[in-house]
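I opened my notebook to get to know a new protein model. Here is what I looked at.

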Amino acid sequence: MGIGKTYADRKEELCESPNTNRNSTTSKTVKTANSAKAVNTSKSHNKGKRSRRRNKKMTALPIQRLFDICKEVFANAEPGIVPTPENIQRLRAVLDEINPEDVGLSPEMPYFCQKLNGRTPPITYLHLYESDKFSMGIFCLPPSGVIPLHNHPGMTVFSKLLFGTMHIKSYDWVADAPCKASSTLESPSEPSVEQAEIRLAKMKVDSNFTAPCNTSILYPADGGNMHCFTAVTPCAVLDVLGPPYSDPDGRHCTYYYDFPFANFTVDGVSVAEEEKEGHAWLQERQKLGDFAVVGALYRGPKIVDK
């Protein structure tokens, strides 16, 4: 009918048109509101997920936090390469907060009982983790237990005394000091000692430590890279090494005797009288007597390698 529409028809169209427009506008408004609501809900959901992830990370068990930060600190670990000061402090801060309960240990456990047969008690090692970048483990020492003087070639080592009292003696090599065969030893304690080479070292630590105490750190060439542990009471030590020992890569654990400076005379080596007690001659040893380390299953909180 086109042009021939009646007024009534036109009036009906005119009356309907505003309603139609209002419905359209209202529909668009509702859709816009719903869309905004959906976006806000999505943002809130994503924010909630991020918040949950943060909270989960913050509430992770202490040993898991230690593992996670070790992976970051030792991500590029190489022999002789020391982590940055910032990373050293990050890792140390986490270790300082770890307690025996965080790794499922207490002094009453069988690992820490004194043996009654008169022999040196064995040391128990609880393996936590090892890769080509770093290792984590716990040494459990009964009273009088001894880990002989040994080195950590090219490593940065963190040691956290979890409980007990331990005597620690440690040395660093004296740079550029000559080595010499020990045929000039004045009073050898063992016949075999006379045939071994000796090398001058400076004492860094010779003291008792009682938990709780700060984590100790030794470096490839400083801080007491060669140390000896003697348990005064039952004690446990959490060790982190980066990189770890590796025989194929030439990072062997070498054990030493230590002798007073006065026991040897080496041409070209002299130490002031007041410093002689702070120096010693170290000599590689092959026989470790009845020293023994036995492995045991770690039963503390599980570590997840994500």
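**Ground rules.** I am reading a predicted model, where local features need pLDDT of at least 70, side-chain atom pairs count only at pLDDT 80 or more, and totals for chains, interfaces and linings use all residues. Residues are numbered from 1 along each chain as its sequence is written, and side-chain values use heavy atoms, with hydrogens and water left out.

**Whole chain.** I found three helices and 13 strands in the protein chain; these are DSSP runs numbered from the N terminus, helices being H or I with at least four residues and strands E with at least two. The chain has 306 residues, and 38% of them count as buried (under 20% relative accessible area, 1.4 Å probe, protein chains only).

I then traced an open sheet of six strands, in the order 8-4-10-2-1-13 with mixed pairing. Strand 8 (216–218) and strand 13 (293–296) are its edges, each pairing on one side only; two strands pair if DSSP finds at least two bridges between them. On average, neighbouring strands here are turned by 25° against each other, direction ignored.

**Helix on the sheet.** Helix 2 (residues 62–73) packs on this sheet and touches strand 1 (123–130), strand 2 (135–141) and strand 10 (235–242). Its direction makes about 135° with that of strand 2; axes are lines fitted to C-alpha atoms, for helices over the stretch in contact, and angles run from 0 to 180 degrees between N-to-C directions.

Strand 4 (residues 156–163) pairs with strand 8 in the antiparallel sense over three bridges. Across this pairing, I noted leucine 218 in strand 8 as the bridge partner of valine 157. Helix 3 (residues 85–96) lies across strand 4, strand 8 and strand 10, at about 15° to strand 4.

Note on methods. Buried < 20%, exposed > 50% of the residue type's maximum accessible area, 1.4 Å probe, protein only. Contact = heavy atoms within 4.5 Å.
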